[in-house]
Amino acid sequence: MRIWFSGSTKRGANMVKLVIFDIDDTLLDHRAGAMKAISALKQQLAELDYINEKYDFIIFLHAYEKRNHTLWSQFEIGKITISDVLKKRFDYIFDWFDIRTQHKLIFEEVFWENYISNCHLTNNWISLLQKIQSEFHLIICSNGMKEIQLKKLEKHKIITFFDRFYFGDAHPNCKPNIDFFMRILEDFRLRPEQAIMVGDSVENDILPCQKLGIKTLKYDGKTSFKKIYKELSELKNGSKSFI
């Protein structure tokens, strides 16, 4: 049985008070960061003589992407944790290229440094966050590894806009599980209609929130950002007095 804390009979009960943001491919360009990280790995492989200039990297890349997709799918249904995803992904790379033990840490550091640095803002989010931060509680909800995600938010100078951070590290404490979003509402003592989810994934962000009755704004590029900017800018009825 679900118990929502703010009764609909109270004045302002349906006013939006919480905006939930996804990170990857919403606020920050995860795909660009991942591509740069893989490119840096390729360069490191060449420098340490694991591959030569004639090596067909596309074969590995296709296999790696397939493996990565499988691991994330296993995470979302509870077979493995987020730590397992990252470990198994690096193990796959190490096994493919027969990486020597003394070089493994080098490859991990190269990957993460390039990934974090190149996950740039996908749009002019700073302007929007500055505009609405005094009106709403702004929080992060992401399935990414906590340590890495926080470094990305800090690197690209948006971490200070957010009040709280929710990181899904294992099933069922992750997206797209409805219980994950319910816990957020319970923490803030809010009803679903008092929150908005901003995210790029239909499966992980939009559908579970819609099932709960949380408003949603889907990000998929420049046009959608203009809509998100306009809608959130016009919502001037938020309040932080409920905490």
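Predicted model: local features only at pLDDT ≥ 70, side-chain atom pairs only at ≥ 80, totals over all residues.
**Figure 1. Thr81 and the residues around it.** Thr81 has its place in the loop between α2 and α3. Leaving aside residues up to four places away in sequence, Thr81 touches Phe75, Asp169 and Ala170. Thr81 and Ala170 are 89 residues apart along the chain, yet their C-alpha atoms are separated by 4.7 Å. With a relative accessible area of 29%, Thr81 is partly exposed, because that class lies between the cut-offs of 20% for buried and 50% for exposed.

**Figure 2. Asp49 in the loop between α1 and α2.** The loop that holds Asp49 runs between α1 and α2. Asp49 is not a glycine, but its phi is positive, at about 65°. The relative accessibility of Asp49 is 67%, and therefore this residue counts as exposed.

**Figure 3. Asp98 in the loop between α3 and α4.** Asp98 is found in the loop between α3 and α4. Its phi is near 55°, which is a positive value in a residue other than glycine. Asp98 counts as exposed because its relative accessibility is 62%, and a residue is exposed when this value is over 50%.

**Figure 4. Asn118 in helix α4.** Helix α4 covers residues 101–118 and includes Asn118. Is Asn118 buried or exposed? The relative accessibility of Asn118 is 17%, so this residue counts as buried, the cut-off being under 20%. When residues up to four places away in sequence are not counted, Asn118 touches Asp29, Ala32, Gly33 and Lys36.

**Figure 5. The largest pocket and its lining.** The volume of the largest pocket is about 1200 Å³. Its lining consists of 36 residues, and those nearest the centre of the pocket are Asp24, Asp25, His30, Asn68 and Trp72. Several helices take part: α1 (30–47), α2 (57–76), α3 (82–97), α4, α6 (146–155) and α8 (202–212) each supply at least two residues of the lining. Which element gives the most to the lining of the largest pocket? The element is α2, with 8 residues.

**Figure 6. The largest cavity and its lining.** Rolling a probe the size of a water molecule over the atoms shows where empty space is left. In this chain the count comes to 1 cavity of 30 Å³ or more. The elements that give two or more residues to the lining of the largest cavity are α1, α2 and α3. The volume of the largest cavity is about 30 Å³. Its lining is made up of Ile38, Leu41, Leu45, Phe57, Phe60, Ile93, Phe97 and Phe107. The element that gives the most to this lining is α1, with 3 residues.

**Figure 7. The chain as the setting for the close-up views.** The chain contains 9 helices and 5 strands. Read from the N terminus, its elements follow the order β-α-α-α-α-α-β-α-β-α-β-α-β-α. The C-alpha trace spans about 70 × 40 × 25 Å along its principal axes. Of the 243 residues in the chain, 47% count as buried. Among contacts with a separation of 6 or more, 73% are between residues 24 or more positions apart. The accessible surface of the chain is about 12700 Å², and carbon and sulfur atoms account for 50% of this area.

Key: Residues numbered from 1 in each chain as written. Heavy atoms only, no water. Helix = DSSP H or I, 4+ residues; strand = E, 2+ residues; numbered from the N terminus. Buried < 20%, exposed > 50% of the residue type's maximum accessible area, 1.4 Å probe, protein only. Contact = heavy atoms within 4.5 Å. Areas by Shrake-Rupley, 256 points an atom, 1.4 Å probe, with all protein chains shown as cover. 1 Å grid on protein atoms, 1.4 Å probe; cavity = no way out; pocket = protein on both sides within 12 Å on 5 of 7 lines; lining within 4 Å. Points joined across faces, edges and corners; volume = space filled by probe spheres on them.
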